[in-house]
Amino acid sequence: MAKSSASNGRKRGRPATIPAAIQQRLDVDSERKAPIIVSSHLAPAKTTAVYDSYWRFAAERQRVFYRRALGEPAPWTGNRVLATYKFTNAYRASDRVSQYLIRNVIYREDLPDTPEEVVFRILLFKLFNKIETWQLLERSVGPISFADYRFDHFDRILTKAMDEGTRIYSAAYIMPPGSSAFGCKAKHQNHLKLLELMMSKALPAKLAEALTMQDGFELLRAFPTIGDFLAYQFVTDVNYSEVTDFSEMDFVIPGPGARDGLRKCFADTGGLSDAELIRLMADRQEEECARLGLEFPSLWGRRLQLIDCQNLFCEVDKFARVAHPDIAGWTGRTRIKQKFAPQANPIEFWYPPKWEINDRIAAGAMPNEAFESSRPATLKCEAEDG
């Protein structure tokens, strides 16, 4: 990516701008030959037209994020698919649920910051993965802590909410019911029992001692009902805290949606595993954006990590259902269910302090060398659930 003098500060005399959306750069270019990525692992990996759309989608989705963060009026993109349907952000940590978890669950000055308490709060939140459920519990019991946790109390609150027709689980992913492992009739009761089991087995202390993200993943994976996908999501969420300090470039587990996106992007994997293909994307992000002439606005200097590239495969799987209907994945899904609808509540974006980007946000710094600003920006907008 071309550098400018705006990379380390703000220029005076010009308003903050983000390059206008260029629809043809994101829409399908059926005449363009897909590139061949040469890998030293067994054979060359061959890509489809969706591969280029992956990078165009990532860049445009991140530009939309910043346009809205800077308070620019709609429309935020000229691409008809992005403008019509709901997609998560290019960076997982920018989504509304992740932002709430980081700011309102993990980094709370009024709540204990021991590993035991922090991991308990993270897992309680993520078992339901719904902001409104956390807020319901807080309204009912006050500040949430493991020291004050009582199964009967939490069960009563959640049962009453369900009896009143309230949804207590997010639709982002499906939690296994857990009845065969814990024997309770209600799904939420089994999940509370799962959380109790995790705490009784000293999971927080073991996570704090884990040396790698894969070690943390395996600790979580060992519990009933926790499969590969959930274990990877949960260890990523724990890693937003100070309990662990894993690199997000250490380890990746592709979920079902990502695997569908991978099949659409690669006509031939060249012998690479799904995890290796995701790492290939993370490693090549600057090269691929340069090849396509894209200026990718990073997250205030933070590159796409493995978890982000994995999530982008899920999103490009959805995008391709409309933009590339002729290229099928494994599931055979042909439409995108959720339409885009802006939410009214703004977000003040704030990330794990160890990433060292919050000072740049507070100073109104633009995301990277591709953007410049003459004034501190109020970086607020609503993000999509992820």
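Ser170 is a buried residue, with a relative accessible area of 18%, where buried means under 20% relative accessible area, exposed means over 50% and partly exposed lies in between, using a 1.4 Å probe and protein chains only. You will find Ser170 in the loop between helix H7 (151-163) and helix H8 (179-182). Helices here are DSSP runs (H or I) of at least four residues and strands are runs (E) of at least two, numbered from the N terminus. Leaving out residues up to four places away in sequence, Ser170 touches Phe128, Asn129 and Lys130; contact means heavy atoms within 4.5 Å.

Before we go on, a word about the model. It is predicted, with local features needing pLDDT of at least 70 and side-chain atom pairs counting only at pLDDT 80 or more, while totals for chains, interfaces and linings use all residues. Residues are numbered from 1 along each chain as its sequence is written, and side-chain values use heavy atoms, with hydrogens and water left out.

Now step back to the whole chain. Its secondary structure comes to 16 helices and five strands. Of the 386 residues in the chain, 54% are buried. Among contacts between residues at least 6 apart in sequence, 75% join residues at least 24 apart. The accessible surface is about 17,200 Å², and carbon and sulfur atoms account for 50% of that; such areas come from the Shrake-Rupley method with a 1.4 Å probe, and for residues only the protein chains shown count as cover.

Let us return to Asn129, one of the residues that Ser170 touches. Asn129 sits in the loop between H5 and helix H6 (131-141). Its phi is positive, about 55°, although Asn129 is not a glycine. With a relative accessible area of 3%, Asn129 is buried. Glu356 also has a positive phi, near 60°, in a residue other than glycine. The place to look for Glu356 is the loop between strand S4 (347-348) and helix H16 (358-362). Glu356 is exposed, with a relative accessible area of 68%.

Helix H5 brings us to a pair of packed helices. In general, two packed helices are described by the angle between their axes and the distance between the axes. Helix H4 (residues 96-106) and helix H5 (residues 115-128) pack at about 145°, and their axes are 10 Å apart. The axes are lines fitted to C-alpha atoms, for helices over the stretch in contact, and angles run from 0 to 180 degrees between N-to-C directions. On the H4 side, the contact is made by Val97, Tyr100, Leu101, Val105 and Ile106, and on the H5 side by Val118, Arg121, Ile122, Phe125 and Lys126. Eight of the contact residues are nonpolar, none is polar and two are charged. Here Ala, Val, Leu, Ile, Met, Phe, Trp, Tyr, Cys and Pro count as nonpolar, Asp, Glu, Lys and Arg as charged, and the others, Gly among them, as polar.

Arg92 is buried, with a relative accessible area of 4%. The side chain of Arg92 makes a polar contact with the side chain of Asp237, at 3.1 Å. A polar contact is a pair of N or O atoms within 3.5 Å; within protein, one must be able to donate a hydrogen and the other to accept it, and residues adjacent in sequence count only if both atoms are side-chain atoms. Apart from neighbours within four places in sequence, the contacts of Arg92 include Ser98, Lys126, Gln233, Tyr240 and Asn311.

Some further stops show residues from separate parts of the sequence together. Ala69 belongs to helix H2 (residues 49-69) and is buried, with a relative accessible area of 0%. Ala69 and Pro346 are 277 residues apart in sequence and 9.1 Å apart in space, C-alpha to C-alpha. Ala258, in helix H13 (residues 256-265), is likewise buried, at a relative accessible area of 0%. Its C-alpha atom is separated by 8.5 Å from that of Val316, 58 residues apart along the chain.

Our last stop is Thr225, in the loop between H11 and helix H12 (228-238). Thr225 is partly exposed, with a relative accessible area of 23%. Not counting residues up to four places away in sequence, Thr225 touches Pro176, Gly178, Ala181, Phe182, Leu194 and Leu230.
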